[in-house]
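Good morning. Please have a look at it first.

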Amino acid sequence: MERMTRRDFLKASATAVAVSGLAGCASTGDAPTASTTPSDLAPKSGKRVVVIGGGWGGATAAKYVRMQDPSIEVILIEPNKKFVSCPFSNLVLSGVRSIDSLTFDYDGLRKQHGVKLMHDTATAIEPDAHRVRLARGFLVYDRLIVAPGIDFQQEQIEGLAEAGDRVLHAWKAGPQTVALAGQLKEMRDDGVFVMTVPPAAYRCPPGPYERACQVAWYLKTRKPKAKLIVLDANQNVISKPALFRAAWQAYPNLEYRASNKIAKVDPAAREVTTEFGDKIRYDVVNVIPPQRAAAIAVQADLVGVDKRWCEVNHVTYESVKAKDIHVVGDSTIGIPAPKSGTVANSMGKIAAIAVVNLLNGRPVPEMPPINTCYSWVSDTEAMAVVNAYRIENGKVVQIEQKLTPGQSTLYAQHANAWATSVWNDILA
Amino acid sequence: MVAAAVVLIAGVAFASSAAAGPVDTPGFSKAFSCSACHGRGGAARGDAVPALAGMPTWYFKKAIEDYAAGRRPSPEMEPFSKMVKTLGVDEVAAYFAAQPRQASPVKIDRTAAERGRAASAPCAGCHGADGRGDQAKGTPPLAGQPPGYLLNQMKLFKAEKRSPGDQALTQVKAVMKPLDDATLADLAAYYGSLGR
């Protein structure tokens, strides 16, 4: 990833600094080269919110802080230059969608909302000093919003870390998604595609089952002699089970095996081994590894006793473990809402409003999140699960969960309408 | 150090007098979730979801009641309508009614819209020649709604899947019954093209 130099960053910030009448505060000295004294990459003048992670939760939060109070400086730290949507990325595997159709730039956040983008990686958080560390220095914040998403627990599967790019997860949309689509396309006509589902909790509960539909649809239409084997670490399909099982009736080439947690992957032998010792040969493998909150959240000790996920206040999204640090998106736990894009988008908005109000000494309104998860079961049909919530005694409580009665092109239209609106809500 | 502190204080003073943001708009903190599907401020971006911006409060509230009661069967809107009722439907309705309507980015087939205009006489009697609707007649505004949404609603009416058995809707269903899907699509394009 290309990195923004301090000088570039200051240049990019100059307009906003001038507008807020604070020019000069951020222009002292040259960038130090010594690693001994970490430098303040952008000295703080007014109130500042730093956001770690420009995905569904973080980008939304950055935008909504600026929308709510343009006097607050917002710096968004995101290593990737482009936003690639995880929702709908299973459609890239089947060729129904291009990766380009899911790829957006951050220009709207910068130009429309004055969010300062820093394409860099946060390496550590210093809660007492209110600082975020990056490789070249640090940033000071008044409040921090942590939205780093998930990391993989590769160590739980023997051979996975060593396998490198020979075993793909494609669970963070981007180059791996495109690479896995390529492997599927190149697979021999009577090949075996093996995909593994991690134990809950993981990002996007229906996602692996949607992926199974898309791979099976592709094989059925392009390689009818090929086969898909789904090895699920869970005892059953953990999201929309009846709907997915009904959808799979159309895919006799799909073999689903519950309670089949994998213990080992061997790319040289093209073989995975389950924890019961069963060996399954593959031509193409897609291992979706077990997951936890991304490393930065673990490093900052925002995670609970399970060392995996971050517990937060249900109204403000402030960490229960660290003052002035809020956590949104897939790295959270404890709120009875799934790790979905819609929930992350909801959390981003709610946390942003909470942060602005807290910085301005105002009461925080109680705002419940929502969830909508559409799953594509073929090239033209989708289905959905919807969850509505309320806040009761400071906790998020579910009002109702509802599933679509089946799959249809109508729900596929709704899925497209949702995606178009929500991408706009995050980035434009 | 002293200079920095002074600047910080100045910054605080500046911020506290900052202009009000969206959350200060009455109803925003109850309506903000809707933007995931219905667009920010109810300005829908997609084709199959209605725009809520500028929707009259009486019709918004009727829709919420119909969804919550299952008269408009919708697995997506039933839970959310109950949530809106929990939060306070009056405030959410007032919020969207006050939002400026923006043109939908969905492209309109102009030829289809022309055919739709020619076929729109039976609709205009109740929805008005400009498609703005009439509360006295219980007809909602159609102008500028995404055509995909309008078409789906007409199909649901025709198939007795929206408000089945509702006597008040006998007339609108009778109007749609003899029309084929192509004509319904033309009408949807026409009403979607109005008020842009």
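I start with a definition: a residue is called buried if 20 or more other C-beta atoms lie within 10 Å of its own, exposed if 12 or fewer, and partly exposed in between, with C-beta atoms placed from the backbone. What you see is a predicted model, in which local features need pLDDT of at least 70 and side-chain atom pairs count only at pLDDT 80 or more, while totals for chains, interfaces and linings use all residues. Residues are numbered from 1 along each chain as its sequence is written, and chains are lettered from A and ligands numbered from 1 in the order in which they are written.

Now to strand β23 of chain A. Seven of the seven residues of β23(A) are buried, so the strand is largely enclosed by the rest of the structure. Helices (H or I, at least four residues) and strands (E, at least two) are DSSP runs, numbered from the N terminus. From β23(A), A:I370, A:T372, A:Y374 and A:W376 point one way, and A:N371, A:C373 and A:S375 point the other way.

What does β23(A) pair with? Its partner is β24(A), in the antiparallel sense, over seven bridges; two strands pair if DSSP finds at least two bridges between them. A:N371 has A:N387 as its bridge partner in β24(A). The two strands form a hairpin, and five residues lie between them.

Next, a sheet elsewhere in chain A. Four strands form an open sheet in the order β14-β13-β12-β18 (chain A), with parallel pairing. Its edge strands are β14 (254–257) and β18 (284–287) of chain A, each of which pairs on one side only. Within the sheet, β12 (residues 192–197) and β13 (residues 227–232) of chain A are joined by six bridges, and A:V194 stands opposite A:I229 in β13(A). Helix α7 (residues 207–222) of chain A packs on the sheet and touches β12, β13 and β14 of chain A.

Chain A as a whole has eleven helices and 25 strands. Its C-alpha atoms fill a box of roughly 70 × 50 × 40 Å, taken along the principal axes. Of its 428 residues, 53% count as buried.

Last, chain B. Its domain assignment gives domain 1 (23–98) and domain 2 (110–193); such bounds come from an automatic or database domain assignment. The C-alpha centres of domain 1 and domain 2 of chain B lie 21 Å apart. Between them, 14 residues of domain 1 of chain B are in contact with 14 residues of domain 2 of chain B.

Methods. Two residues are in contact if their C-beta atoms, placed from the backbone, lie within 7 Å. Axes are lines fitted to C-alpha atoms, for helices over the stretch in contact, and angles run from 0 to 180 degrees between N-to-C directions.
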